[in-house]
Amino acid sequence: LVTQERLKALLDSRNWNWWVDNDGDLGGMWDDNPFYFILTGNQKEILQIYGNLSESISINHLDAVRDFILKWHHDKLWPKCYHRITDSGVIRIFTENTIDWEHGATDQQIMQQIECALGTAGSFYSALRSELGI
C-alpha cells in the first residue's frame, strides 16, 4: 500500500527536503521547481507526481511552448507535459507522472517512479528553457 507516510520515509531515505501544505499535500523542491506527490483513486492507490516550472513564461512564447510540448510527447514517454494560461496572462508549465499501484509496490518501484518523475521533468524544463532562451 502506498501512503503519504511511506512516501515521506522514502524521501527521508534520500535526505530530500519535503513539506505538507495547508491542504495536506506532500511537496518538495527539486532544482527550484515545486513538485507534489498526490495519492488519488478510490483506495488512494494511484500516485500522481506533479511538477511546476518555477518561472512563468511570457504569452509571447505561446506557439513555441505548444510546439515544444507536442514534439516532446512525440519523442518521449515521460513526463506528461502541459501548460495553462493564468488570469494575469502568463504561461505556467506543468509535468505529471502517474502510476496505478493497485496491486502494491516495493519501495524500489516507488523510488523508480519518483526518480523518473523528477528526472524527466527536470530534463523537460531544461530543454524548454533552452528552446525559449530563458
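Two aromatic rings of Phe, Tyr or Trp (its six-membered ring) count as a pair here if their centres lie within 6.5 Å. By that rule, this predicted model holds ten aromatic pairs.

Start by selecting W19 and Y36. Their ring centres are 6.0 Å apart and the planes meet at 85°, so this pair is edge-to-face. W19 belongs to strand β1 and Y36 to strand β3, so the pair links parts 17 residues apart in sequence. W19 is partly exposed, at 28% relative accessibility, and Y36 is partly exposed too, at 27%.

Next, pick F68 and W72. This pair is tilted, with 6.2 Å from centre to centre and 35° between the planes. Both F68 and W72 are buried. They sit four residues apart in helix α2 (residues 62-75), which means about one helical turn separates them.

For another charge over a ring, go to R84, which lies over the face of F94 at 4.9 Å from the ring centre.

Finish at helix α1 (residues 4-13), whose buried residues are R6, L7, K8, L10 and L11. Their cover includes β1, β2, β3, β4 and α3. Is R6 buried or exposed? With 19% relative accessibility, R6 counts as buried. Its side chain makes a polar contact with the side chain of D107, at 2.8 Å. Just after α1, look for N15, which takes a positive phi of about 60°.

Notes:
Residues numbered from 1 in each chain as written. Predicted model: local features only at pLDDT ≥ 70, side-chain atom pairs only at ≥ 80, totals over all residues. Heavy atoms only, no water. Buried < 20%, exposed > 50% of the residue type's maximum accessible area, 1.4 Å probe, protein only. Helix = DSSP H or I, 4+ residues; strand = E, 2+ residues; numbered from the N terminus. Contact = heavy atoms within 4.5 Å. Polar contact = N/O pair within 3.5 Å; in protein donor to acceptor, adjacent residues only side chain to side chain. Phe/Tyr/Trp six-rings, centres within 6.5 Å; stacked < 30°, edge-to-face > 60°. Lys NZ or Arg CZ within 6 Å of the ring centre and 35° of its normal.
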